[in-house]
Amino acid sequence: LAQVSVFLLLESTASSRGMSRPGSQGRSEVLQSAGMGVLGQHSTGLRDTVPGVRPAGLAEIFAGDTVAKDVQADVFYPQPDTPGDLKRFRRPPSPGHISVHWAQVDDKIAAPDFSYGIRTHKGENVATTLDAGRVEGIAEYIHQRGESIYESTKREPLGRGYSRGHVLPKQTHSAEFRFGIKQTQGEQGKEIIFPRGNRPEEETLRKQYVMTHGSYNPGEAVDRKYEWPIDPRNHRFGTGADSHGNRNGEGVKDAVTMDRDYGGGFPATRIVKREAEDFRRVNNDELGKSRNLMQGMPPVPPGFAFGVGTNESGITAGECIRGWYPEPEQLPDHDLGTCLKVGRRNQTVETRAFGCPSIRNDIPKPRVRSVADCQNYGNEVGASALLNPQRFELVGIPDSDFLLRRPRNELRDILSCAGYTFEEDLFGTLWQQAVALFNDSEELASLDALLFVYSEHINQEVAQKCGSLTQSLKQSQLPQTRPIPAQ
(Lines give C-alpha, C1' and ligand atoms only; values in the text may rest on other atoms or scores of the structure.)
Protein backbone atom coordinates (compact mmCIF):
# COMPACT_ATOMS: atom_id res chain seq x y z
CA LEU A 1 0.00 0.00 0.00
CA ALA A 2 2.86 2.38 0.80
CA GLN A 3 4.48 1.72 -2.57
CA VAL A 4 1.17 2.29 -4.44
CA SER A 5 0.55 5.56 -2.59
CA VAL A 6 4.06 6.79 -3.46
CA PHE A 7 3.44 5.91 -7.12
CA LEU A 8 0.14 7.85 -7.23
CA LEU A 9 1.80 10.83 -5.52
CA LEU A 10 4.56 10.94 -8.15
CA GLU A 11 2.00 10.66 -10.96
CA SER A 12 -0.09 13.55 -9.68
CA THR A 13 2.99 15.70 -9.19
CA ALA A 14 4.24 15.06 -12.71
CA SER A 15 0.82 15.80 -14.24
CA SER A 16 0.55 19.11 -12.45
CA ARG A 17 3.96 20.18 -13.79
CA GLY A 18 3.19 19.23 -17.45
CA MET A 19 5.61 16.37 -17.64
CA SER A 20 3.15 14.12 -19.58
CA ARG A 21 3.09 13.67 -23.31
CA PRO A 22 0.04 13.57 -25.66
CA GLY A 23 -1.18 10.02 -26.19
CA SER A 24 0.43 8.72 -23.07
CA GLN A 25 -2.77 9.03 -21.06
CA GLY A 26 -1.11 11.20 -18.42
CA ARG A 27 1.90 8.93 -17.94
CA SER A 28 5.40 9.85 -19.01
CA GLU A 29 8.55 7.82 -19.24
CA VAL A 30 9.87 9.60 -16.18
CA LEU A 31 6.86 8.52 -14.16
CA GLN A 32 7.14 4.95 -15.42
CA SER A 33 10.79 4.72 -14.52
CA ALA A 34 10.17 6.31 -11.10
CA GLY A 35 7.19 4.02 -10.40
CA MET A 36 9.05 0.90 -11.39
CA GLY A 37 11.98 1.91 -9.20
CA VAL A 38 9.72 2.34 -6.19
CA LEU A 39 7.89 -0.92 -6.83
CA GLY A 40 11.15 -2.81 -6.65
CA GLN A 41 11.62 -3.76 -10.30
CA HIS A 42 14.91 -1.79 -10.35
CA SER A 43 17.59 -2.03 -7.63
CA THR A 44 19.18 1.38 -8.29
CA GLY A 45 18.26 2.73 -4.83
CA LEU A 46 16.15 5.67 -3.69
CA ARG A 47 15.89 8.79 -5.81
CA ASP A 48 16.62 12.12 -4.21
CA THR A 49 13.45 14.12 -4.83
CA VAL A 50 14.85 17.31 -3.30
CA PRO A 51 18.41 17.61 -4.53
CA GLY A 52 18.75 21.13 -3.17
CA VAL A 53 18.45 19.99 0.45
CA ARG A 54 21.38 18.22 2.10
CA PRO A 55 20.36 14.66 3.15
CA ALA A 56 20.55 13.65 6.78
CA GLY A 57 20.87 10.15 8.30
CA LEU A 58 21.53 6.84 6.59
CA ALA A 59 19.55 5.54 3.64
CA GLU A 60 18.52 1.88 4.08
CA ILE A 61 17.82 -0.20 0.98
CA PHE A 62 15.68 -3.32 1.41
CA ALA A 63 16.22 -5.16 -1.82
CA GLY A 64 13.75 -7.99 -2.45
CA ASP A 65 11.59 -7.25 0.59
CA THR A 66 8.12 -8.68 0.05
CA VAL A 67 4.98 -9.29 2.08
CA ALA A 68 5.56 -13.06 1.96
CA LYS A 69 8.99 -12.68 3.53
CA ASP A 70 7.59 -10.42 6.24
CA VAL A 71 4.72 -12.80 7.09
CA GLN A 72 6.78 -16.01 6.88
CA ALA A 73 9.99 -14.81 8.45
CA ASP A 74 10.61 -18.19 10.11
CA VAL A 75 10.67 -19.81 6.63
CA PHE A 76 12.80 -17.28 4.74
CA TYR A 77 15.00 -16.31 7.73
CA PRO A 78 15.13 -19.40 10.00
CA GLN A 79 16.71 -19.17 13.45
CA PRO A 80 20.13 -20.76 13.92
CA ASP A 81 20.03 -24.42 14.98
CA THR A 82 21.00 -25.55 18.45
CA PRO A 83 24.69 -26.58 18.66
CA GLY A 84 25.25 -30.30 18.31
CA ASP A 85 26.75 -30.72 21.78
CA LEU A 86 23.66 -29.12 23.37
CA LYS A 87 20.86 -30.81 21.43
CA ARG A 88 20.66 -33.77 23.74
CA PHE A 89 19.78 -31.51 26.70
CA ARG A 90 16.74 -29.97 24.91
CA ARG A 91 13.22 -31.27 25.12
CA PRO A 92 11.85 -33.36 22.21
CA PRO A 93 11.45 -31.01 19.20
CA SER A 94 8.25 -32.48 17.84
CA PRO A 95 5.26 -34.46 19.09
CA GLY A 96 5.64 -38.22 18.94
CA HIS A 97 9.40 -38.10 19.40
CA ILE A 98 10.70 -40.87 21.67
CA SER A 99 12.14 -39.37 24.84
CA VAL A 100 15.63 -40.68 25.60
CA HIS A 101 17.80 -39.72 28.54
CA TRP A 102 20.43 -37.20 27.52
CA ALA A 103 23.23 -39.49 28.69
CA GLN A 104 22.14 -42.21 26.25
CA VAL A 105 21.60 -40.09 23.15
CA ASP A 106 24.99 -40.81 21.57
CA ASP A 107 25.28 -44.38 22.84
CA LYS A 108 25.56 -47.01 20.18
CA ILE A 109 23.48 -50.00 21.19
CA ALA A 110 24.84 -53.26 19.92
CA ALA A 111 22.76 -55.68 17.93
CA PRO A 112 21.01 -58.54 19.77
CA ASP A 113 23.34 -61.12 18.21
CA PHE A 114 26.48 -59.10 18.99
CA SER A 115 29.04 -60.72 21.31
CA TYR A 116 31.94 -58.93 22.99
CA GLY A 117 35.53 -60.07 22.94
CA ILE A 118 37.86 -61.37 20.26
CA ARG A 119 37.11 -64.59 18.49
CA THR A 120 39.94 -67.03 19.09
CA HIS A 121 40.93 -69.79 16.75
CA LYS A 122 41.62 -73.09 18.45
CA GLY A 123 45.14 -74.16 17.74
CA GLU A 124 47.53 -76.34 19.64
CA ASN A 125 46.77 -76.91 23.30
CA VAL A 126 49.15 -77.12 26.24
CA ALA A 127 49.32 -80.91 26.20
CA THR A 128 50.37 -80.93 22.57
CA THR A 129 52.98 -78.26 23.20
CA LEU A 130 54.51 -80.15 26.12
CA ASP A 131 54.53 -83.46 24.27
CA ALA A 132 56.35 -81.88 21.34
CA GLY A 133 59.62 -81.61 23.30
CA ARG A 134 59.37 -84.91 25.18
CA VAL A 135 62.02 -87.48 24.46
CA GLU A 136 62.37 -90.96 25.93
CA GLY A 137 64.82 -93.79 25.95
CA ILE A 138 67.99 -93.41 23.92
CA ALA A 139 66.92 -89.99 22.67
CA GLU A 140 66.57 -88.75 26.23
CA TYR A 141 70.05 -90.04 27.13
CA ILE A 142 71.56 -88.34 24.10
CA HIS A 143 69.76 -85.09 25.02
CA GLN A 144 71.09 -85.19 28.59
CA ARG A 145 74.63 -85.81 27.35
CA GLY A 146 74.34 -82.82 25.10
CA GLU A 147 72.98 -80.57 27.87
CA SER A 148 75.64 -81.65 30.39
CA ILE A 149 78.31 -79.45 28.82
CA TYR A 150 76.46 -76.24 29.75
CA GLU A 151 77.41 -74.40 32.95
CA SER A 152 73.75 -73.82 33.91
CA THR A 153 73.12 -77.57 33.90
CA LYS A 154 76.15 -78.24 36.05
CA ARG A 155 75.54 -75.55 38.70
CA GLU A 156 71.74 -75.58 38.76
CA PRO A 157 70.44 -79.04 37.90
CA LEU A 158 66.72 -79.59 37.64
CA GLY A 159 65.13 -80.35 41.02
CA ARG A 160 68.17 -79.32 43.11
CA GLY A 161 69.49 -76.16 44.70
CA TYR A 162 71.92 -73.82 43.05
CA SER A 163 75.51 -75.02 43.41
CA ARG A 164 78.02 -72.22 44.07
CA GLY A 165 81.03 -74.49 44.32
CA HIS A 166 81.41 -74.29 48.11
CA VAL A 167 83.15 -77.20 49.82
CA LEU A 168 81.30 -77.84 53.10
CA PRO A 169 82.70 -79.82 56.05
CA LYS A 170 81.88 -83.49 56.44
CA GLN A 171 79.51 -82.96 59.36
CA THR A 172 77.19 -80.93 57.12
CA HIS A 173 76.49 -84.05 55.04
CA SER A 174 74.82 -85.76 57.98
CA ALA A 175 71.02 -86.05 57.87
CA GLU A 176 70.73 -84.69 61.41
CA PHE A 177 72.81 -81.58 60.74
CA ARG A 178 71.02 -78.22 61.07
CA PHE A 179 72.35 -74.77 60.33
CA GLY A 180 71.97 -71.93 62.83
CA ILE A 181 72.31 -71.65 66.60
CA LYS A 182 70.20 -73.79 68.84
CA GLN A 183 67.94 -71.71 71.00
CA THR A 184 67.84 -72.14 74.74
CA GLN A 185 64.91 -71.54 77.05
CA GLY A 186 65.66 -67.91 77.76
CA GLU A 187 63.31 -64.98 77.34
CA GLN A 188 59.71 -65.79 76.61
CA GLY A 189 57.66 -64.14 73.96
CA LYS A 190 55.26 -62.82 76.59
CA GLU A 191 57.99 -60.79 78.29
CA ILE A 192 59.11 -59.38 74.96
CA ILE A 193 55.58 -58.31 73.98
CA PHE A 194 54.66 -57.11 77.49
CA PRO A 195 58.00 -56.11 79.09
CA ARG A 196 58.17 -55.36 82.77
CA GLY A 197 59.65 -52.37 84.50
CA ASN A 198 59.04 -49.90 81.67
CA ARG A 199 58.21 -46.43 82.85
CA PRO A 200 55.51 -44.41 81.15
CA GLU A 201 56.53 -41.97 78.46
CA GLU A 202 57.31 -38.43 79.59
CA GLU A 203 54.73 -35.77 78.79
CA THR A 204 57.21 -33.52 76.97
CA LEU A 205 58.30 -36.39 74.74
CA ARG A 206 54.68 -37.35 74.03
CA LYS A 207 53.85 -33.78 72.99
CA GLN A 208 56.75 -33.86 70.52
CA TYR A 209 55.26 -36.96 68.90
CA VAL A 210 51.89 -35.21 68.81
CA MET A 211 53.43 -32.30 66.93
CA THR A 212 55.48 -34.39 64.47
CA HIS A 213 53.37 -37.53 63.99
CA GLY A 214 49.91 -36.56 65.27
CA SER A 215 50.09 -39.31 67.90
CA TYR A 216 47.10 -38.31 70.02
CA ASN A 217 45.78 -40.40 72.86
CA PRO A 218 42.35 -42.02 72.45
CA GLY A 219 39.69 -39.36 73.03
CA GLU A 220 42.20 -36.51 73.16
CA ALA A 221 41.04 -33.26 71.56
CA VAL A 222 43.22 -31.42 69.06
CA ASP A 223 44.86 -28.42 70.71
CA ARG A 224 45.89 -25.67 68.26
CA LYS A 225 47.11 -23.33 71.00
CA TYR A 226 44.32 -20.80 70.53
CA GLU A 227 43.85 -18.03 73.09
CA TRP A 228 40.20 -18.55 73.92
CA PRO A 229 38.23 -15.83 75.71
CA ILE A 230 36.45 -18.67 77.49
CA ASP A 231 37.45 -22.01 78.94
CA PRO A 232 36.99 -24.49 76.04
CA ARG A 233 37.00 -27.45 78.40
CA ASN A 234 33.84 -26.33 80.19
CA HIS A 235 32.21 -24.18 77.47
CA ARG A 236 29.66 -25.61 75.05
CA PHE A 237 29.18 -23.92 71.67
CA GLY A 238 25.84 -23.57 69.91
CA THR A 239 22.41 -22.35 70.86
CA GLY A 240 20.76 -23.74 73.92
CA ALA A 241 17.39 -25.44 73.87
CA ASP A 242 15.87 -22.70 76.04
CA SER A 243 16.59 -19.97 73.47
CA HIS A 244 13.51 -20.94 71.40
CA GLY A 245 10.87 -21.11 74.07
CA ASN A 246 12.13 -24.25 75.80
CA ARG A 247 11.02 -26.56 72.97
CA ASN A 248 13.07 -29.61 73.86
CA GLY A 249 12.95 -32.34 71.24
CA GLU A 250 11.11 -30.24 68.63
CA GLY A 251 14.15 -29.68 66.38
CA VAL A 252 13.94 -33.01 64.59
CA LYS A 253 10.18 -32.66 64.18
CA ASP A 254 10.60 -29.25 62.54
CA ALA A 255 13.27 -30.65 60.21
CA VAL A 256 11.09 -33.59 59.13
CA THR A 257 7.82 -31.65 58.65
CA MET A 258 9.11 -29.35 55.95
CA ASP A 259 5.61 -28.36 54.85
CA ARG A 260 5.16 -26.37 58.07
CA ASP A 261 6.84 -23.39 59.57
CA TYR A 262 9.05 -23.37 62.62
CA GLY A 263 6.95 -24.22 65.65
CA GLY A 264 4.47 -26.47 63.85
CA GLY A 265 2.28 -23.77 62.31
CA PHE A 266 1.12 -23.77 58.73
CA PRO A 267 2.87 -21.34 56.36
CA ALA A 268 1.05 -18.21 55.29
CA THR A 269 -0.76 -18.35 51.97
CA ARG A 270 0.96 -16.44 49.17
CA ILE A 271 -0.92 -15.18 46.13
CA VAL A 272 1.07 -15.45 42.91
CA LYS A 273 0.29 -14.97 39.26
CA ARG A 274 -1.55 -17.75 37.49
CA GLU A 275 0.86 -17.60 34.55
CA ALA A 276 3.89 -18.18 36.79
CA GLU A 277 2.24 -21.08 38.61
CA ASP A 278 1.18 -22.75 35.34
CA PHE A 279 4.67 -22.34 33.95
CA ARG A 280 6.18 -23.87 37.10
CA ARG A 281 3.90 -26.90 36.89
CA VAL A 282 4.67 -27.46 33.21
CA ASN A 283 8.40 -26.73 33.23
CA ASN A 284 9.39 -28.37 36.55
CA ASP A 285 9.26 -32.09 37.24
CA GLU A 286 6.72 -33.12 39.85
CA LEU A 287 7.56 -35.67 42.50
CA GLY A 288 6.13 -39.12 41.78
CA LYS A 289 5.03 -38.26 38.23
CA SER A 290 6.61 -38.76 34.82
CA ARG A 291 8.27 -35.88 33.07
CA ASN A 292 6.01 -33.54 31.13
CA LEU A 293 7.07 -33.78 27.49
CA MET A 294 4.56 -31.16 26.23
CA GLN A 295 2.40 -33.82 24.54
CA GLY A 296 -0.69 -33.64 26.68
CA MET A 297 -2.54 -36.53 28.21
CA PRO A 298 -2.80 -39.73 26.13
CA PRO A 299 -6.30 -40.44 24.79
CA VAL A 300 -6.97 -43.36 27.12
CA PRO A 301 -9.67 -43.83 29.77
CA PRO A 302 -8.84 -43.36 33.47
CA GLY A 303 -7.09 -46.32 35.07
CA PHE A 304 -5.78 -47.57 31.74
CA ALA A 305 -2.47 -49.50 31.84
CA PHE A 306 -0.30 -50.09 28.79
CA GLY A 307 1.07 -53.52 27.99
CA VAL A 308 -0.31 -57.05 27.98
CA GLY A 309 -1.65 -58.63 31.13
CA THR A 310 0.50 -61.49 32.47
CA ASN A 311 -2.14 -63.24 34.59
CA GLU A 312 -4.65 -64.30 31.97
CA SER A 313 -4.98 -67.82 33.34
CA GLY A 314 -5.80 -66.68 36.87
CA ILE A 315 -3.02 -68.75 38.44
CA THR A 316 -1.12 -67.00 41.23
CA ALA A 317 2.58 -67.22 42.05
CA GLY A 318 1.80 -69.13 45.28
CA GLU A 319 0.00 -71.81 43.31
CA CYS A 320 2.96 -72.10 40.95
CA ILE A 321 5.34 -72.54 43.87
CA ARG A 322 3.20 -75.05 45.74
CA GLY A 323 2.07 -76.86 42.61
CA TRP A 324 -0.79 -79.28 42.11
CA TYR A 325 1.15 -82.51 42.50
CA PRO A 326 -0.11 -85.09 45.03
CA GLU A 327 1.87 -85.75 48.17
CA PRO A 328 3.64 -88.94 46.90
CA GLU A 329 4.93 -87.02 43.88
CA GLN A 330 6.14 -84.15 46.04
CA LEU A 331 8.42 -86.40 48.09
CA PRO A 332 12.17 -86.26 47.21
CA ASP A 333 13.63 -88.83 44.89
CA HIS A 334 14.84 -92.04 46.43
CA ASP A 335 18.35 -91.50 45.02
CA LEU A 336 18.65 -87.87 46.27
CA GLY A 337 22.06 -87.33 47.83
CA THR A 338 23.37 -90.68 46.57
CA CYS A 339 26.16 -91.11 44.07
CA LEU A 340 24.92 -93.00 41.03
CA LYS A 341 28.35 -93.85 39.65
CA VAL A 342 29.37 -97.46 40.21
CA GLY A 343 32.46 -97.79 42.38
CA ARG A 344 32.07 -94.34 44.00
CA ARG A 345 29.16 -94.97 46.32
CA ASN A 346 29.76 -94.42 50.04
CA GLN A 347 27.90 -97.56 51.05
CA THR A 348 29.48 -99.18 54.07
CA VAL A 349 28.50 -100.93 57.26
CA GLU A 350 31.13 -99.08 59.31
CA THR A 351 30.07 -96.41 61.76
CA ARG A 352 33.29 -94.40 61.72
CA ALA A 353 33.64 -90.92 60.26
CA PHE A 354 35.27 -90.69 56.86
CA GLY A 355 37.65 -87.96 55.79
CA CYS A 356 40.44 -86.03 57.49
CA PRO A 357 39.53 -84.39 60.82
CA SER A 358 40.16 -80.69 61.34
CA ILE A 359 41.74 -81.38 64.76
CA ARG A 360 44.56 -83.86 64.23
CA ASN A 361 44.67 -85.85 67.42
CA ASP A 362 45.85 -88.89 65.45
CA ILE A 363 49.31 -87.52 64.65
CA PRO A 364 51.98 -86.36 67.14
CA LYS A 365 52.61 -82.69 67.63
CA PRO A 366 55.95 -81.53 66.15
CA ARG A 367 58.67 -80.73 68.66
CA VAL A 368 59.45 -77.36 66.99
CA ARG A 369 56.35 -75.95 65.33
CA SER A 370 56.75 -73.75 62.28
CA VAL A 371 55.12 -70.34 62.08
CA ALA A 372 53.47 -71.36 58.80
CA ASP A 373 51.94 -74.50 60.38
CA CYS A 374 48.20 -73.78 60.71
CA GLN A 375 47.24 -77.30 61.72
CA ASN A 376 45.36 -77.75 65.01
CA TYR A 377 46.87 -80.60 67.01
CA GLY A 378 44.26 -80.52 69.78
CA ASN A 379 46.18 -78.13 72.01
CA GLU A 380 44.38 -74.93 70.93
CA VAL A 381 41.34 -73.28 72.41
CA GLY A 382 37.90 -73.62 70.89
CA ALA A 383 34.88 -71.40 70.52
CA SER A 384 34.29 -71.36 74.28
CA ALA A 385 37.52 -69.40 74.78
CA LEU A 386 36.28 -66.75 72.34
CA LEU A 387 32.88 -66.47 74.00
CA ASN A 388 34.30 -66.58 77.54
CA PRO A 389 37.81 -65.09 77.44
CA GLN A 390 40.18 -65.49 80.31
CA ARG A 391 40.36 -62.93 83.08
CA PHE A 392 43.66 -61.29 82.10
CA GLU A 393 43.50 -62.03 78.36
CA LEU A 394 43.82 -58.37 77.32
CA VAL A 395 47.11 -57.88 79.16
CA GLY A 396 48.65 -61.03 77.72
CA ILE A 397 48.48 -63.23 80.84
CA PRO A 398 46.68 -66.55 80.31
CA ASP A 399 45.31 -68.64 83.13
CA SER A 400 48.02 -71.22 82.53
CA ASP A 401 50.60 -68.77 83.91
CA PHE A 402 48.93 -68.99 87.30
CA LEU A 403 49.40 -72.79 87.25
CA LEU A 404 53.03 -72.70 86.14
CA ARG A 405 55.41 -73.77 88.93
CA ARG A 406 58.08 -71.19 89.68
CA PRO A 407 60.93 -70.80 92.18
CA ARG A 408 60.53 -68.90 95.45
CA ASN A 409 62.31 -65.68 94.46
CA GLU A 410 60.31 -65.33 91.23
CA LEU A 411 56.99 -65.68 93.06
CA ARG A 412 58.16 -63.19 95.67
CA ASP A 413 58.96 -60.66 92.93
CA ILE A 414 55.60 -61.19 91.20
CA LEU A 415 53.68 -60.60 94.44
CA SER A 416 55.79 -57.57 95.29
CA CYS A 417 55.07 -56.00 91.87
CA ALA A 418 51.36 -56.72 92.41
CA GLY A 419 51.40 -54.82 95.72
CA TYR A 420 51.57 -57.70 98.22
CA THR A 421 54.01 -57.29 101.13
CA PHE A 422 54.85 -60.23 103.38
CA GLU A 423 57.11 -60.66 106.34
CA GLU A 424 59.87 -63.18 105.88
CA ASP A 425 58.44 -65.63 108.40
CA LEU A 426 54.92 -65.42 107.00
CA PHE A 427 56.09 -65.86 103.39
CA GLY A 428 58.23 -68.83 104.41
CA THR A 429 55.24 -70.49 106.04
CA LEU A 430 53.04 -69.85 102.98
CA TRP A 431 55.76 -71.13 100.67
CA GLN A 432 56.14 -74.42 102.53
CA GLN A 433 52.38 -74.98 102.52
CA ALA A 434 52.15 -74.23 98.78
CA VAL A 435 55.00 -76.62 97.92
CA ALA A 436 53.40 -79.34 100.06
CA LEU A 437 50.28 -79.24 97.88
CA PHE A 438 52.12 -80.86 94.95
CA ASN A 439 53.37 -83.92 96.91
CA ASP A 440 56.82 -84.06 95.30
CA SER A 441 60.40 -83.14 96.17
CA GLU A 442 60.71 -80.13 93.88
CA GLU A 443 60.99 -76.74 95.56
CA LEU A 444 58.59 -75.14 93.11
CA ALA A 445 55.10 -73.78 93.55
CA SER A 446 52.54 -72.06 91.34
CA LEU A 447 51.08 -68.63 91.88
CA ASP A 448 47.62 -70.15 92.13
CA ALA A 449 48.70 -72.50 94.94
CA LEU A 450 50.39 -69.68 96.87
CA LEU A 451 47.33 -67.44 96.57
CA PHE A 452 45.12 -70.32 97.69
CA VAL A 453 47.24 -70.87 100.81
CA TYR A 454 47.27 -67.13 101.50
CA SER A 455 43.47 -66.91 101.22
CA GLU A 456 43.14 -69.79 103.69
CA HIS A 457 45.48 -67.97 106.06
CA ILE A 458 43.34 -64.83 105.84
CA ASN A 459 40.18 -66.84 106.47
CA GLN A 460 41.71 -68.33 109.64
CA GLU A 461 42.72 -64.89 110.91
CA VAL A 462 39.26 -63.51 110.25
CA ALA A 463 37.68 -66.51 111.97
CA GLN A 464 39.89 -66.07 115.02
CA LYS A 465 39.12 -62.36 115.26
CA CYS A 466 35.41 -62.93 114.77
CA GLY A 467 35.46 -65.79 117.33
CA SER A 468 37.11 -63.67 120.03
CA LEU A 469 34.78 -60.79 119.25
CA THR A 470 31.76 -63.11 119.48
CA GLN A 471 32.96 -64.47 122.84
CA SER A 472 33.40 -60.97 124.24
CA LEU A 473 29.95 -59.96 122.99
CA LYS A 474 28.40 -62.99 124.63
CA GLN A 475 30.04 -62.15 127.93
CA SER A 476 28.89 -58.55 127.78
CA GLN A 477 25.30 -59.61 127.06
CA LEU A 478 25.00 -61.94 130.15
CA PRO A 479 22.15 -60.83 132.50
CA GLN A 480 23.29 -59.08 135.66
CA THR A 481 20.07 -59.91 137.60
CA ARG A 482 18.02 -62.97 138.14
CA PRO A 483 16.02 -63.83 135.05
CA ILE A 484 12.23 -63.55 135.19
CA PRO A 485 10.62 -66.99 135.00
CA ALA A 486 8.56 -67.69 131.95
CA GLN A 487 4.81 -67.56 132.46
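Is isoleucine 98 buried or exposed? Isoleucine 98 counts as exposed, because its relative accessibility is 66%; exposed means over 50% relative accessible area, buried under 20%, and partly exposed in between, with a 1.4 Å probe and protein chains only. The model is a predicted one, in which local features need pLDDT of at least 70 and side-chain atom pairs count only at pLDDT 80 or more, while totals for chains, interfaces and linings use all residues. Residues are numbered from 1 along each chain as its sequence is written, and side-chain values use heavy atoms, with hydrogens and water left out.

Isoleucine 98 sits in the loop between helix H4 (73-76) and helix H5 (126-132). Helices (H or I, at least four residues) and strands (E, at least two) are DSSP runs, numbered from the N terminus. On the surface, Ile98 belongs to a nonpolar patch with Leu86, Phe89, Val100, Trp102 and Val105, and together they have about 580 Å² of accessible area. Such areas come from the Shrake-Rupley method with a 1.4 Å probe, and for residues only the protein chains shown count as cover. Patches are made of residues with over 30% relative accessible area and no salt bridge; nonpolar side chains (Val, Leu, Ile, Met, Phe, Trp, Tyr) are joined within 5 Å, like charges within 9 Å.

The interior is next. In soluble globular proteins, nonpolar side chains tend to be buried together. The largest nonpolar core here has 15 residues, and those with the most contacts inside it are Leu411, Leu415, Ala434, Ala445, Leu447 and Leu450. Helix H16 (408-417), H17 and helix H18 (447-476) each supply at least two residues of this core, and H17 gives the most, with five residues. A nonpolar core is a set of buried Ala, Val, Leu, Ile, Met, Phe, Trp, Tyr and Cys residues joined through side-chain atoms within 4.5 Å.

In H16, the buried residues are Leu411, Ile414 and Leu415. They lie on the same side of H16, because they cover an arc of only 95° around the axis; the arc is that of the directions from the helix axis to the C-beta atoms. Asn409 and Cys417, on the other side of H16, are exposed. Glycine 419, with a positive phi near 100°, follows H16.

An α-helix has 3.6 residues a turn, so residues three or four places apart point the same way.

A search of the whole structure finds 19 salt bridges, each a side-chain nitrogen of Lys or Arg within 4 Å of a carboxyl oxygen of Asp or Glu. In one of them, lysine 190 pairs with aspartate 401, with the closest N and O atoms 2.9 Å apart. Lysine 190 lies in helix H8 (residues 189-193) and aspartate 401 in helix H15 (residues 400-403), so this pair ties together parts that are 211 residues apart in sequence. Lysine 190 is partly exposed, at 23% relative accessible area, whereas aspartate 401 is buried, at 15%.

Glutamate 442 forms a salt bridge with arginine 405, with the closest N and O atoms 4.0 Å apart. Glutamate 442 lies in the loop between H17 and strand S2 (445-446) and arginine 405 in strand S1 (residues 405-406), so the pair ties together parts 37 residues apart in sequence.
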